[in-house]
Amino acid sequence: MLRTLEGVDGQHQEAPAQDKIACLTALERKVLWLSTWMIHNANHVRPNRDGLKVGGHQASSASLATLMTALYFDVLRPQDRVAVKPHASPVFHAIQYLLGHQSREKLERFRAFGGAQSYPSRTKDGENVDFSTGSVGLGVGMTLFTSMAQDYLRLKQLVPTDGPPGRMIALAGDAELDEGNIFEALLEGWKHDVRNLWWIIDYNRQSLDAVVSDRLFGRIDAMFEMMGWRVVTLKYGRLLEAAFARPDGHHLREWIDACPNSLYSALVYKGGEGWREHLHRDLNRYPGIRAILDDHDDAALQRLMTNLAGHDMESVLDAFHAVADDRPTCFIAYTIKGYGLPFAGHKDNHAGLMNLDQMASFRRDMGVAEGAEWDLFAGLDLPPARLSAFLSAAPLARADRRWHDAPRVPVPPSLPAPRGARLSTQEAFGRILGEIAAGDSALADRIVTTSPDVTVSTNLGPWVNRRGIFDRADRADTFREEKVVSAQRWAMSPQGQHIELGIAESNLFLQVAALGLAGSLFGTRLLPIGTLYDPFIKRGLDVLNYACYQDARFILVATPSGITLAPEGGAHQSIGEPLIGLAQPGLVSFEPAYADELAILLRWAFEEVQRDDGQSVYFRLSTRPIEQPARKIAAELEAAIIAGAYWLREPAEGAELAIAYCGAIAPEAIAAHQEIAEDVPEAGLLAVTSPDRLHRDWQAARADGEISIAERLLARLRPDAALVTVGDFHPATLSWLGAVAGNRIVPMGVDRFGQSGDIPDLYQAYHIDTGAILDAAARACLLALR
Ligand SMILES: Cc1ncc(C[n+]2csc(CCOP(=O)(O)OP(=O)(O)O)c2C)c(N)n1
Ligand SMILES: [Mg+2]
């Protein structure tokens, strides 16, 4: 329902100069044309080789043409960062083209291989994209966590603070607000007193399938206000406001305010005649309304009735320029989906494309001659020189590069491997980070940790105790002040290096993504480490994918994991996560068994996340303390640990059996191997630290016609030797090893979950204990002998 919401609480600036309005209005027309044409060209002009619809969103783009024109050509400053509604990508590309930052060729290849992307992408479109978008809701949340990252850097003086901070801006579809992650972010932002954040909601009251619920949206402004935000509603444009000011005009306002979203949309589609019929029926008793109807022909009446503020350049500029402080601000901008296009307001317009006839008449209206479709200023009623001068004066046109090159953070040649006869990898992680925290290296200063309420239980305690918790304000540790004994020191200050989040894994992944882009966005690298329980990776999986897709760099520590967490119980067990680690592009995963391996891998990870062609790194760690090998690791072994596998017990040349294990199950594999060695002394024991690295290397080597690491390792075995693979994960994680050299594979692992118990009981129940490994090996060997 077009009900009236609370308006802006700041004062309006002086009306912007008429010249500016004239230029922006002309450019808005061009943006609408180019975005519409770009989609039309891709669907109807470019040859189609596979018969698939190319698509693009003409209606969703038209909805944002005014708001984005105002932002990009006038309001944005170089330090501002924007997440664009994914399906307004054509508008974004058109604007970059007008600013001279995008080529015509890429526009002509919109949605083609190597062309401008369907949804703005940092990795494919490059430099001008601040945040990738695509999965609705995530770009919006991303701006909030990037604002926190900006605060983190500025409060520590890690970036220059002489200039004003950037505003983190999201252009959101109204139906994006159905995504829960937005509200998770909103609550977290309130806790952290987030600033410099604008969420601009394209309130066209339509989603993909439907018209947005009137009742629901009526609550949205109250929700933002409850979280301390300013809500600015851009509802009626200048024409409508003028009509409301006429005699009886308030009846027209009340009529529109009470008009259900669905009826308003339908009438927008029907046009002047439809409005006239309804207004005549409902308001004919008011002479003032009759006068308004008489003064407007059908076209003028349509223009009047669709004059919402989100399409009124002056209203938009006034609203944006009126906000001068850093309070987070939500702009609810009333718009029309498909504004200016023939299917405006039609409920089925989301994926609708203009047909050839519609395009021909739109082209005539726009005054664009055939062959002049890509011209910057064709069909506009201002001289090209004036528009060109206006464009080059826009802050974003004058800006240098939008991405920063940030110097790398030096990483020491080795990290201290924790000592101890029995250790878990989780404890080792805590102790390694604790040691780093105690030193004063550059590395220590740039690490920032974050966790969704599992800081202590993932062993970040030693780090946090030394480096403190981040907050915009100094806050004492009350328990400590009251002399209540606790192992945790939780004082908060701007100097703290741990960001404590509430329980929401989506937020964790957005936060590490934002911190992991700090180098590019703000010019100073941070090395984020996020910790969580392994099973809850799935809770934030799309967000993890989103973070990787835009090549944010971070380290993930997932612990506890598997069924090895034992008494902790079934609901917290994880099975398929190593397969996620294997399959997720942009993320390399490790599951080491020993503390010395972890020290090597963590050091490598700090380098890897900083390499130009590097990736983020996921460690799957365990809470199970296991006996540690007494060894000194030579360079060759170190390289093998990083590459993904090494022979813990080397097989004799031509051995007929080997066991390959990964992670905390090492003791069972070692015990089984020892027993087997009594009968088959030449049998080998392969320690796998990363199924993922091994697999990728195998794929790459096959493509390049080279010999893979796994192939070289397995070459020690007889060609038809049996290979038993085992880990506390789904058996498919390692079963592919059977295809490397054609070994007879016996993949062991976990494919059910839900029981609690101690490790002996659980390993036995799920058939990954020593006895089960022995049985598998015996069966495999018998088969071999037959
Ligand atoms: C997570 C996710 N689910 C579904 C989609 C498919 N999708 C793309 S746009 C859209 C509707 C969005 O409506 P709204 O945000 O109001 O945008 P409008 O086109 O109206 O501006 C949907 C469901 C998506 N991109 N991401
Ligand atoms: Mg919408």
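Contact here means heavy atoms within 4.5 Å. With that in hand, here's a quick tour of a predicted model. The protein has 786 residues, of which 60% are buried, and its secondary structure comes to 35 helices and 20 strands. Its radius of gyration is 31 Å, close to the 28 Å from the globule rule, so the protein is as compact as a globular protein of that length.

**Overall shape and surface**
- The C-alpha trace spans about 105 × 70 × 50 Å along its principal axes.
- Among contacts with a separation of 6 or more, 78% link residues 24 or more positions apart.

**Charge**
- There are 77 positive and 99 negative side chains.
- The centres of those two sets sit 2 Å apart.

**Helix H1**
- H1 covers residues 18-45, and at 1.5 Å a residue its 28 residues should span 40 Å; the end C-alpha atoms are 38 Å apart, which agrees.
- Of those 28 residues, 20 are buried, so H1 is largely enclosed by the rest of the structure.

**Around Val 740**
- Val 740 belongs to helix H33, which runs over residues 737-740.
- With a relative accessible area of 10%, Val 740 counts as buried, because the cut-off for that is under 20%.
- Setting aside neighbours within four places in sequence, Val 740 is in contact with Trp 698, Ser 708, Ala 710, Glu 711 and Leu 714.
- Tyr 594 is 146 residues away from Val 740 along the chain, and their C-alpha atoms are separated by 26 Å.

Terms used. Residues are numbered from 1 along each chain as its sequence is written. Chains are lettered from A and ligands numbered from 1 in the order in which they are written. This is a predicted model: local features need pLDDT of at least 70, side-chain atom pairs count only at pLDDT 80 or more; totals for chains, interfaces and linings use all residues. Side-chain values use heavy atoms; hydrogens and water are left out. Helices (H or I, at least four residues) and strands (E, at least two) are DSSP runs, numbered from the N terminus. The expected span of a helix is 1.5 Å times one less than its number of residues. Buried means under 20% relative accessible area, exposed over 50%, partly exposed in between (1.4 Å probe, protein chains only). The radius of gyration is taken over C-alpha atoms; the globule rule is 2.2 Å times the number of residues to the power 0.38. Lys and Arg count as positive and Asp and Glu as negative; His and the chain ends are not counted. The place of a charge is taken as NZ of Lys, CZ of Arg, CG of Asp or CD of Glu.
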